[in-house]
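Trainee: Could you walk me through this structure, please? I'm new to it and would like to take things one at a time.

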Amino acid sequence: MENYTIRVAEETDAKAVHDIYGAYVDGENVTFTIDNPSVEDYRQKIIKTKKTYPFYIAEVPDGKILGYVYGSPLRPHDAYQWNVESTIMLAPDAPRRQGIATALYTKFMETLRLQHFQFVYGVLVDTNEPSIALHKSLGFEEVGHFYNAGFKLGKWRGILWMQKQIGNLEAEELIPFSEICQKS
């Protein structure tokens with residue numbers, strides 16, 4: 001599918017992000033979230049995320065949002081600052097196997113490299129085969145498997161930690177996403 005653009009998320013995208021994520025909350029193999037946060041919570045997440053990390057949207061010309069990707073801290077300790085945990089979601093009705101997720105992730109990782117991040121991590125429910133396949137196709141490697149890490153919908157479920165090195169292991173000063181956006 002070639003007829004979409006990838007752009008920086010705006011506050012006005014909060015409803016679409018909420019709805020896309022919410023479509024998976026009641027399912028068993030995409031997220032451990034049980035209650036979808038409010039639209040306002042997503043609006044605040046977009047604002048806060050873009051100060052440090054990329055938050056991109058895939059959108060078709062009529063304004064429909066097909067999916068999104070954003071980054072967040074891996075852990076709160078200072079020594080982890082060169083690492084990013086990624087979240088990527090496609091709308092349930094977005095075309096599959098059309099390169100949308102790959103395009104989102106590619107733009108996301110290109111930006112992270114410019115910011116001097118070193119590693120991207122994906123934390124995936126271990127039964128989410130499409131997401132596991134996507135991450136592997138993009139060069140992520142499994143670095144951990146936490147069996148029975150969460151209880152949802154009456155079952156214990158595990159998570160896979162997947163990692164991709166995107167930097168040269170130089171501990172260069174990080175450039176906030178808000179500064180990268182101003183330069184472009």
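Trainee: Is Y24 buried or exposed?

Mentor: Y24 is buried, because its relative accessible area is 15% and anything under 20% counts as buried. Keep in mind throughout that this is a predicted model.

Trainee: Where does Y24 sit, and what does Y24 touch?

Mentor: Y24 belongs to helix 1, and if we leave out residues up to four places away in sequence, Y24 touches V30, T31, M89, L90, A91, P92, R96 and K152.

Trainee: And how far is Y24 from I34 in space?

Mentor: Their C-alpha atoms are 9.6 Å apart, while the two residues are 10 positions apart in sequence.

Trainee: Staying with helix 1, how does it cross helix 2?

Mentor: The axes of helix 1, which covers residues 14-25, and helix 2, which covers residues 39-52, come within 8 Å and cross at roughly 115 degrees. The two helices are therefore roughly perpendicular to each other, and the crossing of helix 1 past helix 2 is right-handed.

Trainee: Which residues meet there?

Mentor: From helix 1 there are A14, K15, V17, H18 and Y21, and on the side of helix 2 they meet V39, Y42, R43 and I46.

Trainee: Let me step back to the whole chain. How many helices and strands are there?

Mentor: The protein chain has 5 helices and 7 strands, and read from the N terminus the order of these elements is β-α-α-β-β-β-α-β-α-β-β-α.

Trainee: What about its overall dimensions?

Mentor: The C-alpha atoms fill a box of roughly 45 × 40 × 30 Å, taken along the principal axes. The radius of gyration is 16 Å, which agrees with the value near 16 Å that a compact globule of 184 residues would have.

Trainee: How much of the chain is buried?

Mentor: Of the 184 residues, 43% count as buried. As for contacts in the chain with a separation of 6 or more, 68% of them come from residues 24 or more positions apart.

Trainee: Back to single residues, then. What can you tell me about L66?

Mentor: L66 lies in strand 3, residues 65-73, and with a relative accessible area of 3% L66 is buried. If you compare L66 with S137, they are 71 residues apart in sequence, and from C-alpha to C-alpha they are 20 Å apart in space.

Trainee: I was also looking at W161. Which strand is W161 in, and what are its contacts?

Mentor: W161 is found in strand 7. Not counting residues up to four places away in sequence, W161 touches L74, Y121, G122, V123, E141, E142, V143, G144 and F146. Another residue to look at is V125, which is 36 residues from W161 along the chain, with 9.0 Å between the C-alpha atoms of the two.

Trainee: Which residues have a positive phi without being glycine?

Mentor: N148 is one of them, with a phi of about 50 degrees, and L169 is another, with a phi near 65 degrees.

Trainee: Where are those two?

Mentor: N148 is in strand 6, residues 141-152, whereas L169 lies in the loop between strand 7 (155-165) and helix 5 (177-183).

Trainee: Is L169 buried or exposed?

Mentor: L169 is exposed, because its relative accessible area is 54% and exposed means over 50%.

Trainee: And what is N148 in contact with?

Mentor: Setting aside neighbours within four places in sequence, N148 is in contact with W156, R157 and G158. For G158, which is 10 residues from N148 along the chain, the C-alpha atoms are separated by 4.4 Å.

How values were computed:
Residues numbered from 1 in each chain as written. Predicted model: local features only at pLDDT ≥ 70, side-chain atom pairs only at ≥ 80, totals over all residues. Heavy atoms only, no water. Axes fitted to C-alpha atoms, helices over the stretch in contact; angles between N-to-C directions. Helix = DSSP H or I, 4+ residues; strand = E, 2+ residues; numbered from the N terminus. Parallel < 35°, antiparallel > 145°, perpendicular 65-115°, else oblique. Left-handed = near helix turned anticlockwise from the far one by under 90°. Contact = heavy atoms within 4.5 Å. Rg over C-alpha atoms; globule rule 2.2 N^0.38 Å. Buried < 20%, exposed > 50% of the residue type's maximum accessible area, 1.4 Å probe, protein only.
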